[in-house]
Structures are given as C-alpha cells and as structure tokens.
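Open the model in your viewer and keep the selection tool ready.

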Amino acid sequence: MVTHITEEIPRSVWYGWGDPARAKQLGAGALDYLRNTLKLSGVEPVNPPVDFSAVRVGDSHLGDEALAELRAISGAEHVSTEAAERILHSGGKSTPDLMRLRAGDALAAPDAVVFPGRAAEVREILALCVRRGIAVVAFGGGTSVVGGVDPVRGRFAGVITLDMRRMDKLLHLDPVSRTATLEAGMRGPAIEAALQAHGFTLGHFPQSHQEATLGGYVATRSAGQASTGYGRPEDLVKSVRLETPVGPVELGSSAPGSAAGPKLLDVVVGSEGTLGVITSATLKISPMPKHKSYGAWSFPSFEAGTQAMRRLEQDGVRGDMPHVCRLSDTDETAATFKLGGWKTGLLARYLRLRGQRTPALSLFVWEGDAGETRARKRRSARIMRRSGGVPLGPMPATAWEHGRFSAPYLRDELLTRGVYVETLETAATWSELDKTYAAVRSAILDAIEEGGGAGYVQTHISHVYPDGASLYYTFLGGLERDGLAQNARIKDAASRAIVAAGATITHHHAVGSEHSPYLGAEIGELGIKVLRGIKDTLDPRGIMNPGKLIPAATEEQA
Ligand SMILES: Cc1cc2nc3c(=O)[nH]c(=O)nc-3n(C[C@H](O)[C@H](O)[C@H](O)COP(=O)(O)OP(=O)(O)OC[C@H]3O[C@@H](n4cnc5c(N)ncnc54)[C@H](O)[C@@H]3O)c2cc1C
C-alpha cells in the first residue's frame, strides 16, 4: 500500500515557513548560481529577521466587555490578547507579509485571537461581533499568499481572528458512497491520517499541505500537486456548513447530482472568509492507491512540451492522465539539472545527441493498481515520443516527490541573503498558453530590471485540463531598499500582463487583497455587483474579512 504524507509538524517559524527543524541552507553551488544569474556581488546574510522580542505590535482595541463576552463563549483559555499570539496571526505567508514581519512590523495584528471548538461557538461569536461592530477574519493554516488573512480593522471597533485549529475532527466517513465529512480546521496531514486509517485519501496535496486546512482549501479553491488526477477540492466538495452573521446555512447536496436550481454551494467555494466561517464540509474521497508509477521526459523546448501535455490530455485514452503532471520551462529545467545534484555533463551530452540543447523537463506520477498504472504509462509514452520527448526514467519524478515540500523553506534563506523571491500563477487555454507564458514572463523580468538589477524567472505547468493549463512563475532579483515597493511594482506589472492576455488573475492562490483590484477585469462590473449582493445578504454589516476578494465600492457605486 502506498502511503501519503501524514506527519504533523510543530508551529511554524514565526517570520517564514514551516518546521524550524527543517530550515534550509543554500549550498555553495546554489550561492554561485545566484551570484552569476542575478549578477550580485555577494549573497551574504545581510538581512536577517529581527529578534522576536523586537517585533512591534499595538495595544488591543477590544474593551473589557467584548473580551469578557468572547471568554464566556469560548472559555478564557481559548481567547488570547497576548502579543505573541497576535503577532503569529498578523498576516499570512506572502512575501510582503514576511517582509513586514522580518522587519519587526506586526502593527496590523488582530485585537484578539479566538480558538472556537464548535460551530455553535462560531455562531455566538459572529452574533457578538455584529452587535459590537467587530470585524472577523477566519484563519485556517494562515498560509495565504495573497493577503487573505491580513486583519483589517478599518471602520470597525476592532478586528478578531478566528483560528480554526481546534475544529479538527473527522465527523463521518461513508466507505460505500466514498464521502467524508471533516471539520474545517483539520490540516493536510491530519486529514490524510484520518482518511488513510480507513483506506482512503483526499488526494489533495498543495505545497502548503503541512499547514493548510480543509476550510482554507474550500475557501480559496486551491489546487494540489495531484489535482490533475484526483481533482481540486472544488471538484470534490459536496456540501459545506457555513456560519454567517445572519445565521447558519448548509449549502450543497448529498445527492450525486441535482437540478434543484443554481448550485449555491459555489457561492461559498472561493468565498475567502468574506461571507461566513466554514465549520465543516463533506467531500468525495478515493481509495488509497496500491501502486505509483513514475516517469520523466525531456522535450526540445517548452512549447514542444506544452504540445505533448495537450495531446496527452486531449488525444490520450480517457483515464490515462497521470495524477501528477508537470512541465518546467527551459530556465527551470536548467536550474533543476544544475542544483539537483545531477550528472549534468553526461545528461547534457545525452540530450544534445538527441537534438535537445535547451531541454524542458516533464514529470509524471500515475497512481492505481500496478499493472494498470504501467499500462497507462506505456500508452502515454507513445504520445510523448511523438512530440519529441526523450525518456529519462523514473528518477527525476521520484526525486521531485521526495523534495516536493521543501522548496518554500528556501524563501526565508534567500530573503536573509538579500535576494527578492516571489511566485505567482495563472491559467490560460491551450491556444493562448504560449503567448501568455511569454508575455507574463517578460513583464516580470522587465519590472525586476526596472529596479536596476538583473532578474531571473522560471516557470512550470502543474495542472493540466482538456482546454488549457496553469502557469506558475518563480522569480528572483536583488532585494531593493524598499522591498515592499519592489514587490508591489513587480506584482502589478505581472497582474496587468495577465489581464491583458485574457488569462485568469489566479489559478489557485485566490484573490485576497493582492488580486482584488484586478478581479473586475475578469468578472466585470456586474459580476462584482452580484458578489456584493450576496455579501449584503449574508453579511449585511460587512464584518467578514474586510478588504478581501470584493473590491471596495467607488463613491458612485456606493
Ligand atoms: C509555501 C506555500 C505553498 C503553497 N502551495 C499551494 C498550492 O500548491 N496550491 C494552492 O492552491 N495553494 C497553495 N498555497 C496557498 C495556500 O496554502 C492555499 O490558499 C490554502 O488553501 C490556504 O489554506 P489555509 O488553511 O492556510 O487558509 P488561510 O491562509 O488560513 O486562509 C485563506 C483564506 O481562506 C479563508 N478561510 C480559511 N479558513 C476558513 C474557514 N474555515 N471558513 C471561511 N474562510 C476560511 C481565510 O479567511 C482567507 O481568506 C501555498 C502557500 C504557501 C505559503
């Protein structure tokens, strides 16, 4: 039996990512690569985070009465106004969030952090917040990279964060229908441990798996590394229980299909905490696979690789698609070959002999029964070869799987060494993919270089659909004096290029506050009005996660 990752990790590094014991150092080869690629004179540790005791956090705005009421609902031990707890909930894990924290700025911290244990508590807390005019941020794992959990007090008397970690139980599992009802605060490893004990998996493995929660998955329409095979949580979710400021609602249906009016469930999926708090959800689950088959092919160019992905998806036998399906552009491939400890000389010669000077690497994992996964792999290999693919054996894919959760640790080390690093993503149809890829890439590069230094951008596809694919960019440059302004400039240029290309402003990171200004270009003024109408119904006082998803109304619209 194959096992998926289930181990729990301790609370994460306060200024960055993950388990402090797994923090990463860059090796000499990687430092050289950075120095040469970014033309930096040095990559010394020039920008360490301040000491935790030096982080600035303001006084809590909540009065004694409001705090006493919160404590009466959840118990005093589950309501915290401690500076440390408020700092840990002062933002998510976007690069600007980390830049602020590393510089000792947690001034936007919530006034209190509440850890509810039951849906009924959430209901009472929301009623209290409506009465007292307090804003509420639902907080799952806090892994948002788009400002989704940043507390905004705005016009309200205060802002509290509801950390859902205590709501972490498997409530029901139906092995016959293959569904499970899970509480919203369950983190990735806990979800897998609970389901695997019954022989099932959710199959959802975002890179933030260790920390992100079920509620966050549903609220952000996230996508995992194996979503090509298992589907995204938005495809898996059947129903959701939501506590709103006007009362509880259950959206969705236990029926396998329904024509009972519009699918209201979709109003909550992707609502990013702006309508209410998801307390539990019922999702489809899959039996644990008995076997995994791994494969890797190299293509003569990124474009040749994208063509192979499209053919695999469109011309292949239905059901042959790998669960994991990734394609790196030539820059990402060069970095992988260089930094992955490969015998690069030998490999380059092998690929050159087959006409590949600037190769693009693809990785695949098929899950299922042994004989069946091998047969799917064999059939897919024919399509790869027809698109110019050269087989590289299973090793690149097993190596990727081994290290797939470790890359985010590098961001902390890079920022410490004065290197700016950020990621963003979009998706486009096959007919527009190559153009979108190139336009966004050059917008990012130009915006980095506008600051005076050299830039580096690498891209991959990690989610493939019959009509198109995602594009995920990782980019680096020298960290400028005002890193926040640098980041805003680069993200804005990339977002404008995405809008101009007619692609989506986000394939899976969600909208949050960062993408909110660009949402109107995608869904139109009337679309924004529909969102505002739904919000006015479920959250008439606007206390739920202000400043996220829905752009603020201009004076004429208000
Ligand atoms: C290193 C790293 C890697 C990542 N990799 C991926 C990836 O591979 N795929 C991907 O899709 N995303 C990825 N992300 C983004 C992020 O992990 C996802 O958006 C994830 O789904 C967020 O889950 P969370 O529990 O941490 O939510 P949070 O960050 O806590 O919240 C995100 C949003 O959801 C809302 N929310 C959270 N819980 C609830 C609830 N119970 N009810 C209502 N609203 C709620 C919040 O208010 C907020 O608006 C990554 C982030 C990081 C830092």
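Select serine 144: one of its polar backbone atoms is 2.8 Å from an oxygen atom of the ligand. That is a polar contact, a pair of N or O atoms within 3.5 Å. The protein buries 96% of the 960 Å² that the ligand exposes when taken alone; these accessible areas come from the Shrake-Rupley method with a 1.4 Å probe.

A word on the source. This is a predicted model, where local features need pLDDT of at least 70, side-chain atom pairs count only at pLDDT 80 or more, and totals for chains, interfaces and linings use all residues. Residues are numbered from 1 along each chain as its sequence is written, and side-chain values use heavy atoms, with hydrogens and water left out.

Next, select threonine 213. An N or O atom in its side chain lies 2.6 Å from a ligand oxygen atom. Now pick glycine 148, where a backbone N or O atom is 3.2 Å from an oxygen atom of the ligand.

Show helix H7, residues 214–220. Which element gives the most to the shell around the ligand? H7 does, with 5 residues. Helices (H or I, at least four residues) and strands (E, at least two) are DSSP runs, numbered from the N terminus.

Move to the sheet. Its 4 strands run in the order E1-E2-E4-E3, with mixed pairing; two strands pair if DSSP finds at least two bridges between them. Select E1 (79–80) and E3 (134–139): each has a single partner strand, so one side of each is left without a neighbour in the sheet. Finish at serine 80, which stands opposite valine 113 in E2.

Terms used
Polar contact = N/O pair within 3.5 Å; in protein donor to acceptor, adjacent residues only side chain to side chain.
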